[in-house]
Amino acid sequence: MAIYQATASAPVNIACIKYWGKRDTKLILPTNSSLSVTLDQDHLRSTTTSRADPSFEKDRLWLNSAEEEIKEGGRLSTCIREMKRMRKEVENKDASLPKLSTYAVHICSRNNFPTAAGLASSASGFAALVASLAALYQLPASPSELSLIARQGSGSACRSLFGGFVAWEMGSKPDGSDSLAVEVAPREHWPDIHALICVVSDDKKGTSSTSGMQRTVETSTLLQHRIKYVVPERMEAISAAIRARDFDSFARITMQDSNQFHAVALDTDPPIFYMNDVSRAIIALIVEYNRVAVAAGGKLKAAYTYDAGPNAVIYAPKENLKEIVELIVKYFPQAEPFKDPFALFGGAGVQGRVVDGFNAAVAKPFSVGAVKGLIHTRVGDGPRVLGAEEALLGSDGLPKA
Ligand SMILES: Nc1ncnc2c1ncn2[C@@H]1O[C@H](COP(=O)(O)OP(=O)(O)OP(=O)(O)O)[C@@H](O)[C@H]1O
Ligand SMILES: C[C@@](O)(CCOP(=O)(O)OP(=O)(O)O)CC(=O)O
(Lines give C-alpha, C1' and ligand atoms only; values in the text may rest on other atoms or scores of the structure.)
(Ligands and ions follow the chains in the order given, each with its own letter.)
Protein backbone atom coordinates (compact mmCIF):
# COMPACT_ATOMS: atom_id res chain seq x y z
CA MET A 1 0.00 0.00 0.00
CA ALA A 2 1.27 3.44 -0.90
CA ILE A 3 1.81 5.87 1.96
CA TYR A 4 0.52 9.38 1.36
CA GLN A 5 2.31 11.63 3.80
CA ALA A 6 4.14 14.98 3.82
CA THR A 7 5.94 17.12 6.39
CA ALA A 8 6.46 20.88 6.28
CA SER A 9 7.71 23.58 8.61
CA ALA A 10 6.59 27.20 8.72
CA PRO A 11 7.88 30.37 10.33
CA VAL A 12 6.52 32.86 12.81
CA ASN A 13 5.89 36.42 11.63
CA ILE A 14 5.75 39.59 13.71
CA ALA A 15 3.78 42.50 12.31
CA CYS A 16 5.12 46.04 11.90
CA ILE A 17 1.68 47.28 10.81
CA LYS A 18 -0.74 45.42 13.06
CA TYR A 19 -3.84 43.51 12.08
CA TRP A 20 -6.46 44.28 14.72
CA GLY A 21 -10.15 43.97 13.86
CA LYS A 22 -12.34 41.84 11.60
CA ARG A 23 -15.11 42.86 9.26
CA ASP A 24 -16.12 39.19 8.89
CA THR A 25 -15.37 36.92 11.85
CA LYS A 26 -16.18 33.63 10.08
CA LEU A 27 -14.09 34.20 6.95
CA ILE A 28 -11.51 36.16 9.00
CA LEU A 29 -11.53 39.30 6.88
CA PRO A 30 -9.66 42.20 8.47
CA THR A 31 -10.65 45.84 8.89
CA ASN A 32 -7.18 46.94 7.73
CA SER A 33 -4.22 45.67 5.75
CA SER A 34 -1.09 44.67 7.71
CA LEU A 35 2.60 44.01 7.11
CA SER A 36 5.09 41.76 8.83
CA VAL A 37 8.60 40.39 8.89
CA THR A 38 8.92 36.60 8.69
CA LEU A 39 11.38 35.27 11.27
CA ASP A 40 13.94 32.55 10.66
CA GLN A 41 12.62 28.99 11.07
CA ASP A 42 16.06 27.87 12.11
CA HIS A 43 15.07 29.38 15.48
CA LEU A 44 11.24 29.47 15.75
CA ARG A 45 9.02 27.12 13.80
CA SER A 46 6.01 24.85 13.65
CA THR A 47 6.55 21.46 12.02
CA THR A 48 3.56 19.49 10.76
CA THR A 49 3.12 16.04 9.22
CA SER A 50 -0.11 15.22 7.39
CA ARG A 51 -1.13 11.79 6.19
CA ALA A 52 -4.14 10.59 4.21
CA ASP A 53 -5.19 6.96 4.42
CA PRO A 54 -8.38 5.08 3.52
CA SER A 55 -8.19 3.18 6.84
CA PHE A 56 -8.42 6.37 8.97
CA GLU A 57 -11.89 6.77 10.47
CA LYS A 58 -11.88 10.55 10.93
CA ASP A 59 -9.66 13.61 10.71
CA ARG A 60 -7.46 13.88 13.82
CA LEU A 61 -4.83 16.38 14.96
CA TRP A 62 -2.16 16.23 17.65
CA LEU A 63 -0.46 19.42 18.83
CA ASN A 64 2.68 18.99 20.93
CA SER A 65 1.68 15.34 21.59
CA ALA A 66 -1.83 16.07 22.91
CA GLU A 67 -4.83 15.40 20.68
CA GLU A 68 -6.88 18.54 19.87
CA GLU A 69 -10.54 18.29 19.07
CA ILE A 70 -11.35 19.25 15.46
CA LYS A 71 -14.66 21.00 16.07
CA GLU A 72 -17.23 20.91 13.27
CA GLY A 73 -17.31 24.36 11.67
CA GLY A 74 -14.24 25.48 13.65
CA ARG A 75 -11.04 26.96 12.24
CA LEU A 76 -9.14 23.68 11.97
CA SER A 77 -12.00 21.91 10.25
CA THR A 78 -12.44 24.85 7.82
CA CYS A 79 -8.77 24.72 6.78
CA ILE A 80 -8.80 20.94 6.33
CA ARG A 81 -12.08 21.09 4.38
CA GLU A 82 -10.76 23.84 2.07
CA MET A 83 -7.55 21.91 1.38
CA LYS A 84 -9.57 18.78 0.53
CA ARG A 85 -11.70 20.89 -1.79
CA MET A 86 -8.59 22.07 -3.65
CA ARG A 87 -7.35 18.47 -3.89
CA LYS A 88 -10.73 17.42 -5.29
CA GLU A 89 -10.40 20.02 -8.08
CA VAL A 90 -7.03 18.51 -9.02
CA GLU A 91 -8.49 14.97 -8.96
CA ASN A 92 -11.39 16.07 -11.15
CA LYS A 93 -8.90 17.10 -13.84
CA ASP A 94 -6.86 13.88 -13.70
CA ALA A 95 -8.77 10.64 -13.08
CA SER A 96 -5.53 8.66 -12.61
CA LEU A 97 -4.78 10.40 -9.30
CA PRO A 98 -5.52 8.63 -5.99
CA LYS A 99 -8.69 10.00 -4.38
CA LEU A 100 -6.92 11.48 -1.37
CA SER A 101 -9.69 14.07 -0.99
CA THR A 102 -12.02 11.26 0.15
CA TYR A 103 -9.64 9.92 2.85
CA ALA A 104 -9.50 11.17 6.42
CA VAL A 105 -6.22 12.77 7.53
CA HIS A 106 -4.03 12.45 10.58
CA ILE A 107 -2.05 15.59 11.36
CA CYS A 108 0.70 15.90 13.94
CA SER A 109 2.32 19.25 14.76
CA ARG A 110 5.00 20.57 17.07
CA ASN A 111 6.07 24.08 17.96
CA ASN A 112 9.68 24.46 19.11
CA PHE A 113 8.61 27.38 21.38
CA PRO A 114 5.74 28.02 23.83
CA THR A 115 2.24 27.74 22.31
CA ALA A 116 -0.41 30.46 22.87
CA ALA A 117 2.08 32.73 24.64
CA GLY A 118 2.00 35.73 22.32
CA LEU A 119 4.86 34.34 20.22
CA ALA A 120 2.57 33.95 17.20
CA SER A 121 2.21 30.16 17.41
CA SER A 122 -1.16 30.32 15.68
CA ALA A 123 0.54 32.00 12.69
CA SER A 124 3.29 29.42 12.20
CA GLY A 125 0.91 26.62 13.22
CA PHE A 126 -1.78 27.25 10.61
CA ALA A 127 0.82 28.05 7.94
CA ALA A 128 2.56 24.71 8.61
CA LEU A 129 -0.79 22.90 8.53
CA VAL A 130 -1.67 24.36 5.13
CA ALA A 131 1.86 23.85 3.75
CA SER A 132 1.95 20.19 4.80
CA LEU A 133 -1.50 19.48 3.33
CA ALA A 134 -0.51 21.29 0.10
CA ALA A 135 2.55 19.02 -0.15
CA LEU A 136 0.50 15.91 0.68
CA TYR A 137 -2.11 16.79 -1.95
CA GLN A 138 0.51 17.95 -4.50
CA LEU A 139 -1.46 21.14 -5.10
CA PRO A 140 -0.30 23.49 -7.83
CA ALA A 141 -1.22 26.46 -5.58
CA SER A 142 0.87 29.62 -5.11
CA PRO A 143 1.73 30.91 -1.59
CA SER A 144 -0.87 33.68 -2.05
CA GLU A 145 -3.56 31.08 -2.86
CA LEU A 146 -2.57 29.01 0.18
CA SER A 147 -2.62 32.18 2.28
CA LEU A 148 -6.39 32.44 1.61
CA ILE A 149 -6.82 29.17 3.50
CA ALA A 150 -4.32 29.82 6.31
CA ARG A 151 -6.12 33.14 6.88
CA GLN A 152 -9.24 31.18 7.84
CA GLY A 153 -7.25 29.38 10.53
CA SER A 154 -5.84 32.56 12.07
CA GLY A 155 -5.62 35.89 10.27
CA SER A 156 -1.93 36.51 10.94
CA ALA A 157 -1.12 32.99 9.64
CA CYS A 158 -1.67 34.09 6.04
CA ARG A 159 1.53 36.17 6.23
CA SER A 160 3.62 33.11 7.25
CA LEU A 161 3.19 31.59 3.75
CA PHE A 162 5.99 33.90 2.55
CA GLY A 163 9.47 34.64 3.77
CA GLY A 164 10.91 38.13 3.98
CA PHE A 165 8.63 41.15 4.19
CA VAL A 166 4.96 40.37 3.68
CA ALA A 167 1.75 42.36 3.29
CA TRP A 168 -1.72 41.02 3.97
CA GLU A 169 -3.94 42.99 1.62
CA MET A 170 -7.31 43.37 3.30
CA GLY A 171 -9.27 43.10 0.03
CA SER A 172 -12.85 44.25 -0.44
CA LYS A 173 -14.82 41.27 -1.76
CA PRO A 174 -17.43 39.79 0.61
CA ASP A 175 -16.23 36.22 -0.15
CA GLY A 176 -12.66 37.08 0.92
CA SER A 177 -11.07 35.92 -2.34
CA ASP A 178 -8.90 39.07 -2.52
CA SER A 179 -7.87 39.11 1.16
CA LEU A 180 -4.47 37.48 0.83
CA ALA A 181 -0.77 37.72 1.53
CA VAL A 182 1.73 39.08 -1.00
CA GLU A 183 5.50 39.40 -0.86
CA VAL A 184 6.77 42.96 -0.45
CA ALA A 185 10.41 41.85 -0.63
CA PRO A 186 12.16 38.50 -0.18
CA ARG A 187 14.54 38.07 2.74
CA GLU A 188 17.54 38.23 0.36
CA HIS A 189 16.59 41.85 -0.33
CA TRP A 190 17.37 42.91 3.26
CA PRO A 191 18.92 39.94 5.10
CA ASP A 192 20.57 42.20 7.69
CA ILE A 193 17.30 42.77 9.55
CA HIS A 194 17.68 40.94 12.85
CA ALA A 195 15.23 40.54 15.72
CA LEU A 196 15.71 40.20 19.45
CA ILE A 197 12.67 38.72 21.19
CA CYS A 198 12.51 39.57 24.89
CA VAL A 199 10.32 36.92 26.50
CA VAL A 200 8.61 38.77 29.32
CA SER A 201 6.02 36.09 29.88
CA ASP A 202 5.39 32.74 28.27
CA ASP A 203 2.09 32.22 30.08
CA LYS A 204 -1.17 31.86 28.18
CA LYS A 205 -2.51 35.39 27.81
CA GLY A 206 -5.56 36.92 29.51
CA THR A 207 -7.47 38.36 26.53
CA SER A 208 -7.04 36.40 23.30
CA SER A 209 -6.39 38.32 20.08
CA THR A 210 -9.63 36.95 18.64
CA SER A 211 -11.92 38.22 21.40
CA GLY A 212 -9.87 41.35 22.14
CA MET A 213 -10.00 42.66 18.60
CA GLN A 214 -13.77 42.13 18.34
CA ARG A 215 -14.30 44.15 21.50
CA THR A 216 -12.17 46.88 19.94
CA VAL A 217 -14.23 46.82 16.72
CA GLU A 218 -17.42 47.13 18.76
CA THR A 219 -16.34 49.91 21.12
CA SER A 220 -13.30 51.91 19.97
CA THR A 221 -13.79 55.14 18.01
CA LEU A 222 -10.02 55.48 17.69
CA LEU A 223 -9.97 52.22 15.69
CA GLN A 224 -12.19 53.84 13.03
CA HIS A 225 -9.70 56.68 12.63
CA ARG A 226 -6.82 54.18 12.45
CA ILE A 227 -8.52 52.07 9.77
CA LYS A 228 -9.53 55.00 7.59
CA TYR A 229 -6.67 57.47 7.82
CA VAL A 230 -3.60 55.92 9.44
CA VAL A 231 -3.01 52.40 8.15
CA PRO A 232 -3.40 53.01 4.39
CA GLU A 233 -0.71 55.70 4.46
CA ARG A 234 1.58 53.64 6.71
CA MET A 235 1.30 50.57 4.46
CA GLU A 236 2.56 52.66 1.54
CA ALA A 237 5.32 54.33 3.55
CA ILE A 238 6.69 51.17 5.17
CA SER A 239 6.62 49.24 1.88
CA ALA A 240 8.67 52.05 0.31
CA ALA A 241 11.06 52.01 3.30
CA ILE A 242 11.55 48.26 2.88
CA ARG A 243 12.17 48.59 -0.85
CA ALA A 244 14.73 51.34 -0.18
CA ARG A 245 16.27 49.48 2.81
CA ASP A 246 15.62 52.66 4.81
CA PHE A 247 15.82 51.43 8.40
CA ASP A 248 15.17 54.87 9.90
CA SER A 249 11.70 55.11 8.28
CA PHE A 250 10.99 51.40 8.83
CA ALA A 251 11.76 51.79 12.55
CA ARG A 252 9.76 54.99 13.02
CA ILE A 253 6.63 53.52 11.41
CA THR A 254 6.98 50.19 13.23
CA MET A 255 7.15 51.87 16.64
CA GLN A 256 4.31 54.27 15.84
CA ASP A 257 2.11 51.41 14.74
CA SER A 258 2.83 49.29 17.81
CA ASN A 259 1.99 52.33 19.94
CA GLN A 260 -1.27 52.90 18.10
CA PHE A 261 -2.31 49.26 18.31
CA HIS A 262 -1.87 49.38 22.10
CA ALA A 263 -3.71 52.72 22.14
CA VAL A 264 -6.76 51.17 20.43
CA ALA A 265 -6.57 48.30 22.93
CA LEU A 266 -6.72 50.92 25.71
CA ASP A 267 -9.56 52.69 23.87
CA THR A 268 -11.60 49.48 24.03
CA ASP A 269 -14.42 49.26 26.56
CA PRO A 270 -13.54 47.73 28.98
CA PRO A 271 -9.88 48.58 28.25
CA ILE A 272 -7.34 45.91 27.32
CA PHE A 273 -3.75 46.11 28.59
CA TYR A 274 -1.24 43.87 26.90
CA MET A 275 1.99 45.60 27.94
CA ASN A 276 3.27 45.67 31.51
CA ASP A 277 5.98 47.61 33.41
CA VAL A 278 8.72 45.47 31.88
CA SER A 279 7.38 46.13 28.36
CA ARG A 280 7.28 49.86 29.04
CA ALA A 281 10.82 49.87 30.46
CA ILE A 282 12.08 48.21 27.26
CA ILE A 283 10.37 50.96 25.24
CA ALA A 284 12.17 53.59 27.37
CA LEU A 285 15.52 51.89 26.76
CA ILE A 286 15.05 51.73 22.97
CA VAL A 287 13.82 55.33 22.84
CA GLU A 288 16.92 56.49 24.76
CA TYR A 289 19.25 54.31 22.65
CA ASN A 290 17.79 55.91 19.51
CA ARG A 291 17.98 59.41 21.05
CA VAL A 292 21.72 59.03 21.61
CA ALA A 293 22.22 57.91 18.00
CA VAL A 294 20.20 60.79 16.56
CA ALA A 295 21.87 63.34 18.89
CA ALA A 296 25.21 62.23 17.45
CA GLY A 297 23.92 63.02 13.95
CA GLY A 298 22.93 59.45 13.14
CA LYS A 299 19.64 57.66 12.51
CA LEU A 300 17.36 55.32 14.44
CA LYS A 301 19.16 52.09 15.37
CA ALA A 302 16.36 49.89 16.70
CA ALA A 303 12.55 49.51 16.64
CA TYR A 304 10.36 47.87 19.28
CA THR A 305 7.03 46.25 18.57
CA TYR A 306 4.54 44.41 20.82
CA ASP A 307 1.72 42.03 19.86
CA ALA A 308 -1.18 41.04 22.11
CA GLY A 309 1.07 40.38 25.10
CA PRO A 310 3.99 41.87 27.05
CA ASN A 311 6.83 40.32 24.99
CA ALA A 312 9.00 42.80 23.08
CA VAL A 313 10.36 42.19 19.60
CA ILE A 314 13.22 44.53 18.74
CA TYR A 315 14.07 44.85 15.04
CA ALA A 316 17.49 46.24 14.15
CA PRO A 317 20.23 45.99 11.56
CA LYS A 318 22.61 43.17 12.47
CA GLU A 319 25.45 45.56 13.28
CA ASN A 320 23.50 47.00 16.25
CA LEU A 321 22.52 43.72 17.88
CA LYS A 322 25.55 43.47 20.15
CA GLU A 323 24.85 46.89 21.70
CA ILE A 324 21.15 46.06 22.04
CA VAL A 325 21.77 42.74 23.80
CA GLU A 326 24.25 44.44 26.17
CA LEU A 327 21.67 47.16 26.88
CA ILE A 328 18.83 44.74 27.62
CA VAL A 329 21.03 42.49 29.77
CA LYS A 330 22.21 45.49 31.83
CA TYR A 331 18.64 46.27 32.90
CA PHE A 332 17.28 42.72 32.76
CA PRO A 333 19.90 40.29 34.10
CA GLN A 334 19.53 36.78 32.72
CA ALA A 335 19.56 33.50 34.64
CA GLU A 336 20.74 31.57 31.58
CA PRO A 337 23.74 32.49 29.43
CA PHE A 338 22.72 34.29 26.22
CA LYS A 339 22.42 31.84 23.31
CA ASP A 340 24.53 33.56 20.73
CA PRO A 341 23.53 32.03 17.36
CA PHE A 342 25.35 34.69 15.33
CA ALA A 343 28.55 34.62 17.46
CA LEU A 344 28.30 38.29 18.42
CA PHE A 345 30.20 37.69 21.60
CA GLY A 346 32.72 35.15 20.38
CA GLY A 347 32.20 32.90 23.41
CA ALA A 348 33.21 35.70 25.79
CA GLY A 349 29.76 36.00 27.40
CA VAL A 350 27.59 39.11 27.53
CA GLN A 351 28.48 42.07 29.73
CA GLY A 352 25.64 44.48 30.50
CA ARG A 353 26.61 47.88 29.11
CA VAL A 354 25.12 51.12 27.75
CA VAL A 355 26.47 53.23 24.89
CA ASP A 356 28.32 56.50 25.64
CA GLY A 357 25.94 59.36 26.41
CA PHE A 358 23.07 57.04 27.47
CA ASN A 359 20.95 58.44 30.32
CA ALA A 360 20.89 55.44 32.66
CA ALA A 361 17.99 56.95 34.65
CA VAL A 362 15.37 56.32 31.93
CA ALA A 363 14.59 52.94 33.47
CA LYS A 364 15.33 51.14 36.72
CA PRO A 365 17.22 47.87 36.65
CA PHE A 366 14.96 44.83 37.16
CA SER A 367 15.84 41.59 38.90
CA VAL A 368 16.55 38.23 37.29
CA GLY A 369 13.42 36.74 35.74
CA ALA A 370 11.70 39.98 34.64
CA VAL A 371 12.83 39.13 31.11
CA LYS A 372 12.84 35.33 31.19
CA GLY A 373 14.77 34.79 28.02
CA LEU A 374 16.20 36.38 24.90
CA ILE A 375 15.89 34.91 21.41
CA HIS A 376 18.12 36.38 18.74
CA THR A 377 16.88 35.67 15.24
CA ARG A 378 16.56 37.38 11.86
CA VAL A 379 14.38 37.70 8.79
CA GLY A 380 13.78 34.24 7.31
CA ASP A 381 12.32 32.22 4.47
CA GLY A 382 8.84 30.84 3.86
CA PRO A 383 7.51 27.31 4.55
CA ARG A 384 9.80 24.38 3.79
CA VAL A 385 8.81 20.90 2.69
CA LEU A 386 10.89 18.45 4.75
CA GLY A 387 12.12 14.92 4.09
CA ALA A 388 10.46 11.71 5.35
CA GLU A 389 13.06 11.46 8.14
CA GLU A 390 11.51 14.54 9.78
CA ALA A 391 8.02 13.00 9.90
CA LEU A 392 6.15 13.29 13.20
CA LEU A 393 3.78 10.39 12.47
CA GLY A 394 4.95 6.79 12.79
CA SER A 395 4.22 3.93 10.41
CA ASP A 396 0.95 3.28 12.29
CA GLY A 397 -0.25 6.81 11.44
CA LEU A 398 -0.05 7.91 15.09
CA PRO A 399 2.37 10.43 16.66
CA LYS A 400 5.88 9.09 17.16
CA ALA A 401 6.82 8.79 20.81
N1 LIG B 1 1.45 23.94 15.35
C2 LIG B 1 0.16 24.22 15.37
N3 LIG B 1 -0.71 23.56 14.57
C4 LIG B 1 -2.03 23.86 14.58
N5 LIG B 1 -2.57 24.80 15.38
C6 LIG B 1 -1.75 25.48 16.20
C7 LIG B 1 -0.36 25.22 16.24
N8 LIG B 1 0.20 26.05 17.16
C9 LIG B 1 -0.79 26.79 17.66
N10 LIG B 1 -1.97 26.47 17.10
C11 LIG B 1 -3.29 27.01 17.43
O12 LIG B 1 -3.14 28.36 17.83
C13 LIG B 1 -3.61 28.54 19.17
C14 LIG B 1 -2.79 29.60 19.87
O15 LIG B 1 -3.09 30.85 19.29
P16 LIG B 1 -3.13 32.20 20.13
O17 LIG B 1 -3.52 33.29 19.18
O18 LIG B 1 -3.89 31.99 21.39
O19 LIG B 1 -1.61 32.37 20.61
P20 LIG B 1 -0.36 32.92 19.84
O21 LIG B 1 -0.47 32.62 18.39
O22 LIG B 1 0.87 32.38 20.51
O23 LIG B 1 -0.44 34.47 20.08
P24 LIG B 1 -0.64 35.67 19.03
O25 LIG B 1 -1.26 35.15 17.76
O26 LIG B 1 -1.53 36.66 19.73
O27 LIG B 1 0.74 36.22 18.82
C28 LIG B 1 -3.48 27.16 19.78
O29 LIG B 1 -4.35 27.00 20.88
C30 LIG B 1 -3.85 26.25 18.61
O31 LIG B 1 -5.24 26.16 18.44
C1 LIG C 1 -1.59 41.61 17.60
C2 LIG C 1 -1.54 40.71 16.38
O3 LIG C 1 -0.56 39.72 16.59
C4 LIG C 1 -2.92 40.09 16.21
C5 LIG C 1 -2.93 38.74 15.62
O6 LIG C 1 -4.21 38.18 15.70
P7 LIG C 1 -4.51 36.66 15.31
O8 LIG C 1 -4.06 36.40 13.92
O9 LIG C 1 -3.95 35.77 16.37
O10 LIG C 1 -6.09 36.68 15.38
P11 LIG C 1 -7.17 35.70 14.74
O12 LIG C 1 -7.31 36.06 13.28
O13 LIG C 1 -8.44 35.94 15.49
O14 LIG C 1 -6.64 34.28 14.93
C15 LIG C 1 -1.20 41.61 15.18
C16 LIG C 1 -0.70 40.94 13.92
O17 LIG C 1 -0.13 39.84 13.96
O18 LIG C 1 -0.86 41.58 12.86
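**Note on the domains, the ligand shell and a helix pair**

1. Domain 1 (4-187 + 386-390) and domain 2 (193-378) both contribute residues to the shell around ligand 1, so the ligand lies between them. The model is a predicted one, and the points below should be read with that in mind.

2. On the division of the chain, the domain assignment gives domain 1 (4-187 + 386-390), which is written as two segments, and domain 2 (193-378). The C-alpha centres of domain 1 and domain 2 are 27 Å apart, and their contact draws 27 residues from domain 1 and 35 residues from domain 2.

3. On the side of domain 1 that touches domain 2, the elements that supply two or more residues are strand S2 (13-17), strand S5 (34-38), strand S10 (165-169) and strand S11 (180-185). Of these, S2 gives the most, with 3 residues. Sorted by class, the residues on this side of domain 1 comprise 17 nonpolar, 7 polar and 3 charged.

4. Turning to the ligand, the residues that come nearest to ligand 1, out of the 22 around it, are Ser 46, Ser 109, Ser 121, Ser 122 and Gly 125. The shell as a whole is made up of 10 nonpolar, 11 polar and 1 charged residues.

5. As for the elements behind this shell, strand S9 (104-111) and H2 each provide at least two of the residues around ligand 1, and H2 gives the most, with 7 residues. Helix H2 spans residues 121-136, and Ser 121, Ser 122 and Gly 125, which are among the residues nearest to ligand 1, fall within that span.

6. The helix that gives the most to the ligand shell also packs against another helix: H2 (residues 121-136) and H3 (residues 143-150) meet at an angle of about 125°, and their axes are 9 Å apart. That angle makes H2 oblique to H3, and the crossing in which H2 passes H3 is right-handed.

7. Which residues make the contact of H2 and H3? From H2 they are Phe 126, Ala 127, Val 130, Ala 131 and Ala 134, and from H3 they are Leu 146, Ile 149 and Ala 150.

Conventions
Residues are numbered from 1 along each chain as its sequence is written. Chains are lettered from A and ligands numbered from 1 in the order in which they are written. This is a predicted model: local features need pLDDT of at least 70, side-chain atom pairs count only at pLDDT 80 or more; totals for chains, interfaces and linings use all residues. Axes are lines fitted to C-alpha atoms, for helices over the stretch in contact, and angles run from 0 to 180 degrees between N-to-C directions. Helices (H or I, at least four residues) and strands (E, at least two) are DSSP runs, numbered from the N terminus. Angles under 35 degrees count as roughly parallel, over 145 as roughly antiparallel, 65 to 115 as roughly perpendicular and the rest as oblique. A crossing is left-handed if the near helix is turned anticlockwise from the far one by less than a right angle, and right-handed if clockwise. Two residues are in contact if their C-beta atoms, placed from the backbone, lie within 7 Å. A residue is near a molecule or strand if its C-beta atom, placed from the backbone, lies within 6 Å of it. Ala, Val, Leu, Ile, Met, Phe, Trp, Tyr, Cys and Pro count as nonpolar, Asp, Glu, Lys and Arg as charged, and the others, Gly among them, as polar. Domain bounds come from an automatic or database domain assignment.
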